[in-house]
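Trainee: I should like to learn how to read the features of a protein model.
Mentor: Let us take the model shown here and go through it topic by topic.

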Amino acid sequence: RFQQVQSMMCDLMEWRSQLLSGTLPKDELKELKQKVTSKIDYGNKVLELDLTVRDEDGNILDPDKTSVISLFHAHEEATNKITERIKEEMSKDQPEYASYCRMSSSPTHSLYVFVRNFVCRIGEDAELFMSLYDPQKSTIISENYLVRWGSRGFPKEVDMLNNLKVVFTDLGNKDLSRDKIYLVCQIVRVGRMDLRDSNSRKYTQGLRRPFGVAGTWCL
């Protein structure tokens, strides 16, 4: 029972950090809240505690504002859901070592990146987009960190020199279980249509063109 409750507490701590991050869209936020309340109710059943009756959004029903019949139906429905959940958990045959590895790891993780320099002969301003990339699924799994780099080899914001730092947060056990994670930097040139244009009357300014990409294995 201790290992069972410990596993549930690890899940709840991971989901709590996701709720507090404020980065989830509305539909995912509602779905995650329902998972949290369902896990809490299931844990109370395992510990033989009282069952909390909730509405569809996971809010606790007020007995002073809810009829007895509605409370009875909500209690009956919650009991049936928890019973089905217990049957599902009992039917699972997970190895003990897998459960131990998941519980012994930290619920959430972060990746700290410090950009010290950018060396690439472009000749014009550039925008650097850094993100985490899963090569197996060919998808980006984080938001982009933008660095605006000047044509003279320094950041556009001079006060950001030696202070270009970013933390990729909310990396859960699912992310760490990926085969590989790369830190990818996409380079976008900002300036003329063609670098070979030398006549100022022909070229325009401020055009954004893909210039290059770089990547390194990080996790």
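The dialogue below moves from the whole chain to single residues.

Trainee: What should I know about the model before reading it?
Mentor: This is a predicted model, in which local features need pLDDT of at least 70 and side-chain atom pairs count only at pLDDT 80 or more, while totals for chains, interfaces and linings use all residues. Residues are numbered from 1 along each chain as its sequence is written, and side-chain values use heavy atoms, with hydrogens and water left out.

Trainee: What is the mean pLDDT of the protein chain?
Mentor: The term pLDDT is the predictor's confidence in each residue, from 0 to 100. Here the chain has a mean of 79, and 86% of its residues reach 70 or more. Over residues 93-106 the pLDDT is below 50. Beyond near neighbours in sequence, that stretch has nine contacts in the model, a contact being heavy atoms within 4.5 Å.

Trainee: How many helices and strands does the protein chain have?
Mentor: Helices (H or I, at least four residues) and strands (E, at least two) are DSSP runs, numbered from the N terminus. The protein chain has five helices and seven strands, in the order α-α-α-α-β-β-β-β-β-α-β-β along the sequence. Among its contacts with a separation of 6 or more, 63% join residues 24 or more positions apart.

Trainee: How is a helix such as H2 read?
Mentor: An α-helix has 3.6 residues a turn, so residues three or four places apart point the same way. The expected span is 1.5 Å times one less than the number of residues. For the 21 residues of helix H2 (residues 26-46) this gives 30 Å, and the end C-alpha atoms are 30 Å apart, which agrees. Buried residues of H2 include Leu32, Val36, Lys39 and Tyr42, where buried means under 20% relative accessible area, exposed over 50% and partly exposed in between (1.4 Å probe, protein chains only). Just after H2, Glu48 takes a positive phi of about 60°.

Trainee: Which residues does Asp134 touch?
Mentor: Asp134 lies in strand S2 and is buried, with a relative accessible area of 2%. Leaving aside residues up to four places away in sequence, Asp134 touches Thr139, Ile141, Arg178 and Lys180.

Trainee: Where is Ser138 found?
Mentor: Ser138 is in the loop between S2 and strand S3 (139-140). Ser138 has a positive phi of about 55° although it is not a glycine, and at 53% relative accessibility it counts as exposed.

Trainee: How is a pair of aromatic rings described?
Mentor: Such a pair is described by the distance of the centres and the angle of the planes. Rings of Phe, Tyr and Trp (its six-membered ring) pair if their centres lie within 6.5 Å; planes under 30 degrees apart count as stacked, over 60 as edge-to-face and the rest as tilted. The structure holds one aromatic pair. The ring centres of Phe118 and Trp149 are 5.7 Å apart and the planes meet at 75°, so the pair is edge-to-face. Phe118 lies in the loop between strand S1 (109-115) and strand S2 (125-134), and Trp149 in strand S4 (residues 145-149), 31 residues apart. Both Phe118 and Trp149 are buried.

Trainee: How many disulfides does a search of the whole structure find?
Mentor: A disulfide is a covalent bond between the sulfur atoms of two cysteines. With the cut-off of sulfur atoms within 2.5 Å, the search finds zero disulfides. Cys10 is buried, with a relative accessible area of 11%, whereas Cys218 is partly exposed at 24% relative accessibility.
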